[in-house]
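Please keep the structure in view while reading.

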Amino acid sequence: MSIRSLLSKASPFKRAPTLERAEAAYAEGKFADAAALFRPLADGGSMQAQLRLAQMYERGEGLLQSFVEAARWLRAAGEQGSVPAMARLGEIYLTGMAAPETATAAAIGQLAGGAAEDSLLKRLYPHGLTISQDLEAAAQWNSRAAHAGDAGAQARLGYLYAAGLGQARDLVEAERWFSEAAKQDHQAGQLGLGMLYAGSYGEPHDHLRAQEWFEACAAAGNSTAQLCLGMLLLFSDDVPRDEERAAALLAEAAKAGQPAAMFHLGELYRRGTGVAQSTSEAETWLRRAATRGYLKAWISLVQLFRSGPDADLHTAAVLCRQAADLGDGEAQYLLGQFYLAGEGVPQDPAEGARWLAKAADQNVTAAYNRLGSLYA
C-alpha cells in the first residue's frame, strides 16, 4: 500500500483541527468528534471554540454533562469579549445551577462530602457538580453584556438594580436598563418596566404607565404580563375598570400555568365577576391553584363548600385542615371555628382552641377575641 493511501486512511484528528471541520462535525451531529476538534482550539484561545465547548458541556453533547465545565469555558470566552458568553454567565450566576439530571444522588452526596482526590468521581468532576448563586458575579457579567447591547442581560441588570441584588439598589439605573431592553422589544424589559411603574419595588406607582408596558408584553403572549394587567383592570383606581377583559386575560395566564391567575379566575367564577357565576368552574380553577401551592385558593375552596344551598361542610373542613397543616393562619382560625361549632367535624372545644392558638401565634387578630372568650 502506498504512503498516500495510508495517509488518506489516517484518522482525521492527525491533521490540525480547524473551526470549519469542528463546526461541520457538530452540524452533522457527530458530537464526540466535534468535541475532540473543538478542545485543542479552545485550549489554544479560540473564543468561538470555547463558546461551543461550553454549550456542549451544558447540553451533554458528546461530553459528560457538566455545568461547572460549561461555566469555566464561558468565562474563558467572556474574558475575550464574547457577548453571548457574558450574557449566559450573568444568567447562570443569577440563579445558580443544580447538578445535572445525569448525576446520581449518590455521586452528588459523595462529592459534597469530599470524595478522595484519586477517585473516579473526582476525576470526572474535578470542580464539582453545582454552581452556587453569586449575585455579585451576576451583576458583573450582566453589566458587561448589557453595555455590549444584549437585551436579556439589560433586563436582568435592571432587575438586579431594582431589587438591590449584587449591588446597591438604584431605581434610576433599573429604569434605564429595563428601557434599553424594552427598546429591543424584549419581553423581560417590558415586564420589568411594568412592574417598576406598578410600584413592585417600593416606589410610588404610576398605573397608567404600568398598563402601557403590561399591554405590550401581554400582547406578545407573556403570561406574567397577562396576570398583572388583569389585576390592574380589576383592582386599580387609576385605570378604567374592565372585568370582562380582566377575566379573559386571567384565563390566558391560567392556561399557561400561572397559579395566581388560576386563583383569581376561580374567584371571579365564584363571585360571578366578569364571567357568568359557576361553582364548577370556580372549583376547577381554585383546585388547580391549590395543588400548585397557592394557599389562598384553599381558603376560597373552604368558603365555596361552606356556603350556598349545596354546602358540603365535611369537604370544607377537610380542605381547611389541609391548608391549616400547611401553616396558613387564616385556615387555622377557620378550622378552630369548625371544631367549636361542630361543622363538618365532631364538636371539640379543646381542639378548636388549639387551632385558634396556632392562628393567634401568626397574628390573626380575630383569633385573639375568640380565644379570650373561651378562656373567660
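The points below are grouped by topic. The model is predicted, and residues are numbered from 1 along each chain as its sequence is written.

**Helix H15**

- Helix H15 covers residues 243-255, which makes 13 residues.
- The expected span is 1.5 Å times one less than the number of residues in the helix.
- Ala246, Ala247, Leu249, Leu250, Ala251, Ala253 and Ala254 are the buried residues of H15.
- An α-helix has 3.6 residues a turn, so residues three or four places apart point the same way.
- The cover over the buried residues of H15 includes helix H14 (223-235), helix H16 (259-271) and helix H17 (279-291).
- Gly257 follows H15 and has a positive phi, near 100°.

**The largest nonpolar core**

- The largest nonpolar core has 113 residues, and those touching the most other members are Phe38, Ile131, Phe214, Leu250 and Phe338.
- Helix H14 supplies the largest share of this core, with 8 residues.
- Leaving aside residues up to four places away in sequence, Ile131 touches Phe67, Val68, Ala71, Ile92, Tyr93, Gly96 and Met97.
- In soluble globular proteins, nonpolar side chains tend to be buried together.

**The largest pocket**

- The largest pocket holds about 260 Å³ of space.
- The lining of the largest pocket has 14 residues, of which Thr279, Leu304, Ser307, Gly308 and Asp310 are the closest to its centre.
- H16, H17 and helix H18 (295-306) are the elements that each give two or more residues to this lining.
- H18 gives the most, with 3 residues.
- By class, the lining of the largest pocket has 5 nonpolar, 6 polar and 3 charged residues.
- H16 and H17 contribute to this lining, and both are also among the helices covering the buried residues of H15.

**The second largest pocket**

- The volume of the second largest pocket is about 160 Å³.
- Its lining consists of Glu23, Gln48, Leu51, Arg52, Ala54, Gln55, Glu58, Arg59, Leu74 and Arg88.
- Helix H4 (residues 47-59) gives the most to the lining of the second largest pocket, with 7 residues.
- The lining of the second largest pocket divides into 5 charged, 3 nonpolar and 2 polar residues.

Key: Predicted model: local features only at pLDDT ≥ 70, side-chain atom pairs only at ≥ 80, totals over all residues. Heavy atoms only, no water. Helix = DSSP H or I, 4+ residues; strand = E, 2+ residues; numbered from the N terminus. Buried < 20%, exposed > 50% of the residue type's maximum accessible area, 1.4 Å probe, protein only. Contact = heavy atoms within 4.5 Å. Core = buried A, V, L, I, M, F, W, Y, C linked by side-chain atoms within 4.5 Å. 1 Å grid on protein atoms, 1.4 Å probe; cavity = no way out; pocket = protein on both sides within 12 Å on 5 of 7 lines; lining within 4 Å. Points joined across faces, edges and corners; volume = space filled by probe spheres on them. Nonpolar A, V, L, I, M, F, W, Y, C, P; charged D, E, K, R; others polar.
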